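Let's take a walk through this structure together, one piece at a time. Keep the sequence and the 3D view open as you read.

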Amino acid sequence: MDIAEKNVRAVVQHYLEGMVYGDAERLELAFHPQAQIAGHWEGTYEIIARDPFITTCVDAKDQAAGTAIVAAIVSVDITADVAVVKLTDTCFGCDFTDYLSLVNHNEQWQIISKVYYVHSS
């Protein structure tokens, strides 16, 4: 695994820990300030900005910090300064498939967009 992939995976870890543990600082590290999140949540198609997403995660804090996170990176595809990560995770009582698009700017990888699918229970 090269340094770019290690750095991308570190951002994904910040994302997962921030979302599951309700940690705003980790989510702010992971997401670009202009990032967008899109998918169908409880039957409604939503597109939301980073900060409202972070507030939702903090308010809905799924687990205590340090609790095992149920997630797996399915694929990482990197071309120069852009990357796409597919992962599965369980959070807020739901199973998700997430697609994260990242950009490396000024030597920092950040998520610029997240699209997700909520699997039926």
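**From one hairpin to the whole fold**

Start with E3 and E4, a hairpin that has two residues between its strands, where Ala80 in the turn takes a positive phi of about 55 degrees. Strands here are DSSP runs of E with at least two residues, helices are runs of H or I with at least four, and both are numbered from the N terminus. Before going further, a word on what you're looking at: this is a predicted model, in which local features need pLDDT of at least 70 and side-chain atom pairs count only at pLDDT 80 or more, while totals for chains, interfaces and linings use all residues. Residues are numbered from 1 along each chain as its sequence is written, and side-chain values use heavy atoms, with hydrogens and water left out.

E3 and E4 run antiparallel and are joined by eight bridges; two strands are said to pair if DSSP finds at least two bridges between them. You can pick out some partners by eye: Ala71 is bridged to Asp89 in E4, and Ala72 to Thr88 in E4.

Now zoom out. Which order do the six strands take in the open sheet? Reading across, it goes E2-E1-E6-E5-E4-E3, with mixed pairing. The edges are strand E2 (44-49) and strand E3 (71-79), each of which pairs on one side only. From one strand to the next, the twist averages 15 degrees.

Two helices pack on this sheet. H1 touches E1, E3, E4, E5 and E6, and its direction makes about 35 degrees with that of E4. H3 touches E1, E2 and E6, and makes about 65 degrees with E1. For these angles, axes are lines fitted to C-alpha atoms, for helices over the stretch in contact, and the angles run from 0 to 180 degrees between N-to-C directions. Touching, or contact, means heavy atoms within 4.5 Å.

Let's follow H1 along its length. Its 19 residues reach 26 Å from the first C-alpha to the last, close to the 27 Å expected at 1.5 Å a residue; that expected span is 1.5 Å times one less than the number of residues. At its start, a side-chain oxygen of Asp2 comes to within 3.3 Å of the backbone nitrogen of Ala4. After the helix comes Gly22, with a positive phi near 65 degrees. The buried residues of H1 include Val8, Val11, Tyr15 and Leu16, and also Glu5 and Glu17. Buried means under 20% relative accessible area, exposed means over 50%, and partly exposed is in between (1.4 Å probe, protein chains only).

In soluble globular proteins, nonpolar side chains tend to be buried together. Here the largest nonpolar core has 29 residues, and those with the most contacts inside it are Tyr15, Phe31, Phe53 and Leu102. At least two core residues come from each of helices H1 (3-21), H2 (24-30) and H3 (50-59), and from each of strands E1 (31-41), E4 (82-91), E5 (94-105) and E6 (108-119). H1 gives the largest share, nine residues. A nonpolar core, by the way, is a set of buried Ala, Val, Leu, Ile, Met, Phe, Trp, Tyr and Cys residues joined through side-chain atoms within 4.5 Å. Leaving out residues up to four places away in sequence, the contacts of Leu102 include Val8, Val11, Val85, Trp109 and Ile112.

At the other end of the sheet, E1 and E2 pair in the antiparallel sense over six bridges, with Ile37 opposite Ile48 in E2. Their hairpin has two residues between the strands, and Glu42 there takes a positive phi near 50 degrees.

Is Arg50 buried or exposed? Arg50, found in helix H3, counts as buried because its relative accessibility is 11%. Its side chain makes a polar contact of 2.9 Å with that of Asp51. A polar contact is a pair of N or O atoms within 3.5 Å; within protein, one must be able to donate a hydrogen and the other to accept it, and residues adjacent in sequence count only if both atoms are side-chain atoms.

Finish on E5, where Asp95 lies. Asp95 counts as partly exposed, at 40% relative accessibility, and a polar contact of 2.7 Å joins its side chain to that of Thr90.
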